[in-house]
Amino acid sequence: MQEIIVYDLNQTLYKKSSKDEFFKFICYKKGYKLLHLFQIGWLHVLGKLHITSKTYFKENFYDYLNKLPPEKVKKYAKQFWNIEFPEHFREDMLADIKEKDKAGIKVYIVTGGFEVYTKYLEELLPLKVIGTLTKYENEDYKIIGKTCNDAEKVKRLDAEIDGEYKLLEAYSDDDEEILYKAEKGYLLEEGELKLVQNRKK
């Protein structure tokens with residue numbers, strides 16, 4: 001049976017929000033106008049107030065990627081992650097990932113971020129990235145299925161792995177389902193890891 005470890009990306013393995021930081025990076029590269037920045041800010045407010053679904057929020061937030069084909073986004077992603085890595089990643093987690101890989105334990109990043117820009121992390125670390133799937137149609141990115149958050153993370157992991165597996169550890173800054181599927185689930189709060197498998201869902 002395959003033994004695996006799962007890390008959330010944003011605010012967990014990566015100290016910042018890749019969604020926000022990649023947006024800033026693209027704005028710098030493309031010189032987006034103030035009007036688009038206002039739209040993004042308004043979507044953030046709606047998201048915080050839970051007025052809109054995560055899938056709707058992300059499809060609209062990522063409007064700034066429209067007219068940028070996947071090949072171009074991946075090129076920008078390579079530039080972005082090579083700037084951010086490893087300085088803005090948690091050193092202890094990076095060391096743990098390398099140790100687990102040497103021990104034959106498969107490591108996954110399971111994130112709500114679009115795979116079109118998070119997949120490049122597979123080039124920097126010995127792991128597999130599972131993120132929100134998208135399709136590029138008519139110069140627009142549409143989410144395939146649901147955003148890879150909470151219960152959807154477990155479903156995507158189950159679909160990714162062929163056969164049974166044992167989830168030894170899971171790390172996230174959100175109190176989400178995947179933490180409870182693991183033998184040891186760790187919630188990152190204010191920079192401290194807290195074991196949560198004894199909590200009620």
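Visitor: Which side chain meets Asp8 in a salt bridge?

Guide: Lys153, at 3.1 Å from N to O. Side chains of opposite charge can pair when their charged atoms come close. The rule here is a side-chain nitrogen of Lys or Arg within 4 Å of a carboxyl oxygen of Asp or Glu. The model is predicted: local features need pLDDT of at least 70, side-chain atom pairs count only at pLDDT 80 or more, and totals for chains, interfaces and linings use all residues. Numbering runs from 1 along each chain as its sequence is written, and side-chain values use heavy atoms, with hydrogens and water left out.

Visitor: Where do Asp8 and Lys153 lie?

Guide: Asp8 sits in the loop between β1 (2-7) and α1, and Lys153 sits in helix α7 (residues 151-160). The two are 145 residues apart, so the pair links distant parts of the chain. Helices (H or I, at least four residues) and strands (E, at least two) are DSSP runs, numbered from the N terminus.

Visitor: Are Asp8 and Lys153 buried or exposed?

Guide: Asp8 is buried, and Lys153 is too. Buried means under 20% relative accessible area, exposed means over 50%, and partly exposed is in between (1.4 Å probe, protein chains only).

Visitor: How many salt bridges does the rule give?

Guide: The count is 13. Take Glu21 and Lys16, with their closest N and O atoms 3.9 Å apart. Glu21 has a relative accessible area of 18%, so Glu21 is buried. Lys16 has 23%, so Lys16 is partly exposed. Another pair is Lys142 with Asp140, at 3.3 Å between the closest N and O atoms. Lys142 is partly exposed because its relative accessibility is 35%. Asp140 is buried because its relative accessible area is 16%.

Visitor: Which residues are linked in a network of salt bridges?

Guide: Lys16, Glu21, Lys24 and Glu84 form such a network.

Visitor: Which residues gather in a patch of positive charge?

Guide: Start with the rule. Patches take residues with over 30% relative accessible area and no salt bridge; like charges are joined within 9 Å, and nonpolar side chains (Val, Leu, Ile, Met, Phe, Trp, Tyr) within 5 Å. Lys and Arg count as positive, Asp and Glu as negative; His and the chain ends are not counted. A charge is placed at NZ of Lys, CZ of Arg, CG of Asp or CD of Glu. Here Lys29, Lys30, Lys72 and Lys75 gather on the surface. Helices α1 (18-30) and α4 (70-84) each supply at least two residues of this positive patch. Lys72 lies in α4.

Visitor: How do I read contacts for Thr132?

Guide: Contact means heavy atoms within 4.5 Å. Thr132 is in strand β3 (residues 128-132). Its relative accessibility is 0%, so Thr132 counts as buried. Leaving aside neighbours within four places in sequence, its contacts include Gly113, Phe114, Cys148 and Arg156.

Visitor: And what does Ser17 contact?

Guide: Beyond neighbours within four places in sequence, Ser17 is in contact with Asn10 and Gln11. Ser17 lies in the loop between β1 and α1. Ser17 is buried because its relative accessibility is 13%.

Visitor: What do the totals for the protein come to?

Guide: There are 8 helices and 8 strands. Of the 201 residues, 48% are buried. Among contacts with a separation of 6 or more, 61% join residues 24 or more positions apart.

Definitions and conventions:
Areas by Shrake-Rupley, 256 points an atom, 1.4 Å probe, with all protein chains shown as cover.
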